[in-house]
Amino acid sequence: MKTNVFIPSFVNKGNFMRTFLMVWMVCLSAIPSFAQFDTYFRNKTLRFDYIHGGNRDQEYFFFTELIEEPYWGGSTVSLIDENGYGNLMFKIFDEASGTLIYSRGYCTLFSEWQREKEATQISKGYPESLVFPFPKNKVRLEIYSRDREGNMNKKYEQLIDPSDYAIRKSRVSYPMFEVHYTGNSDQRIDIVLLPEGYGKEQRAKFEQDCAYFAEELFRYTPFKENKHQFNIRGVWVPSEDEGVTLPGEHVWRNTALGAKFYTFGSERYQMVDNFQRVRDVASSAPYDYIYILSNTQKYGGGGIYNFYGISAANHPDRTGKVYVHEFGHLFLGLGDEYVGGVDSEEFYPLKVEPWEANLTTLVAFEKKAWSKMVESGLSVPTPILQENKDKVGVYEGGGYVSKGVYRPWINCMMNNLHTIDEFCPVCKKAISDMIDFHCR
């Protein structure tokens, strides 16, 4: 069918057609990703629960359950993860066509445990789960794991039929409230805050702590400049006991999520072993990221990429900084830039380039965005001198070891929480890029 376009006589027709075509091409370029989501997915979540188990040299995935959850809080545009972050990745393929329709990199507590000495002595399993948009048709799930040489290898595969009557509909529903709301979830980064160790009469305190989390997160660049691209919600579930379990001090408490300090024998490493329980509570709100506020004054917490973050809500000096530091781990897997703090030295094999944006072993440094940001005239590696204090270089010491692993700045929020109040330029760029990935 021929379509006639009326162009007034006073308009230059050549310029009009060029402008019209440019606008039309821009409009077309915006359509495919949304069309793909609508073609393959429904606007809710399918959750895949499994046990992640094994030992130092063996890794297994044991399927347990599929659960339908009511919200999809993620992007409907950035469906394929090409960031290269994480020790694991899962991929969703349309079974009929073989098309890759969704993927995400991530890390887990089990993967960290594999590097512990205990993993050479026993086998162990952790409850974990994956979430992705609810598919309209049969899909194939594949899980990949990064080996010690840095290669991703397929470890698990399963066909999923979304019409299967065995898919359980989530009946868990806890009160949800807005902390910071700026717009629809599909173009925002949605953070859900969960309470741990708050008693039945402490909801008001939890809501105040949620507000403080938002206040602190948006105090730091580049989060504060992108405040309008985040939603933050809280979900309320009380604990029978106030506070958090401290196994090393023989203190055991009955709490909503079962968090505890002394994870892997580290006094300040506070984590939750049962991630499925965390997902149960989080499903009461749309979310991309889960952060747990722990009702304790004891310093400590943890953050694992695309898994969850947790830290003390009541530390007298560094609550806000710890929130932001751990969120850096959770949001895009920024590595710790300090030396010490863990017993294992296997986190960063020196013959493999770390996938983290802010760490390098110089094996493939030239492939990182960081390599283009080194100050002109600085050598690589870069000497730690006062005159280089605010210059992007390649400074030895990071990833918990003093030799062989390098960081971008002499000091940064991922290194020193005592005196430093900002991220280095390399971390800022990586954070900004991840915000763009979610919100484009």
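Strand β4 contributes the most to the lining of the largest cavity, namely 4 residues. The model is predicted: local features need pLDDT of at least 70, side-chain atom pairs count only at pLDDT 80 or more, and totals for chains, interfaces and linings use all residues. Residues are numbered from 1 along each chain as its sequence is written, and side-chain values use heavy atoms, with hydrogens and water left out.

The structure contains 2 cavities of 30 Å³ or more. The volume of the largest cavity is about 400 Å³. Its lining comprises 32 residues, and Tyr102, Val131, Arg279, Asp288 and Asn306 are the closest to the centre. At least two lining residues come from each of β4 (100–106), β5 (124–135), α4 (275–282), β12 (289–294) and α6 (425–439). By class, the lining of this cavity has 18 nonpolar, 9 polar and 5 charged residues. Nonpolar covers Ala, Val, Leu, Ile, Met, Phe, Trp, Tyr, Cys and Pro; charged covers Asp, Glu, Lys and Arg; the others, Gly among them, count as polar.

The search used a 1 Å grid over the protein atoms alone: a cavity is a set of points where a 1.4 Å probe fits but cannot get out, a pocket is an open set with protein on both sides within 12 Å along at least five of seven lines, and lining residues have an atom within 4 Å of a point. Points are joined across faces, edges and corners, and a volume is the space filled by probe spheres set on them.

The second largest pocket holds about 510 Å³ of space. Its lining has 24 residues, with Asn83, Tyr85, Trp355, Lys367 and Lys368 nearest the centre. Helix α6 supplies the largest share of this lining, 5 residues. The pocket lining divides into 14 nonpolar, 2 polar and 8 charged residues.

Glu68 sits in strand β2 (residues 59–69). Glu68 counts as buried because its relative accessibility is 16% (buried is under 20%, exposed over 50%, partly exposed in between; 1.4 Å probe, protein chains only). Beyond residues up to four places away in sequence, Glu68 touches Lys44, Thr45, Leu46, Phe134, Ile167, Arg168, Lys169 and Ser170 (contact: heavy atoms within 4.5 Å).

Average pLDDT (the predictor's confidence in each residue, from 0 to 100) is 92 for the protein, and 91% of the residues score at least 70. Residues 1–14 have pLDDT below 50, with 5 contacts beyond near neighbours in sequence. Residues 16–33 also fall below 50, with 7 such contacts. Where pLDDT is low, predicted coordinates should not be read in detail.
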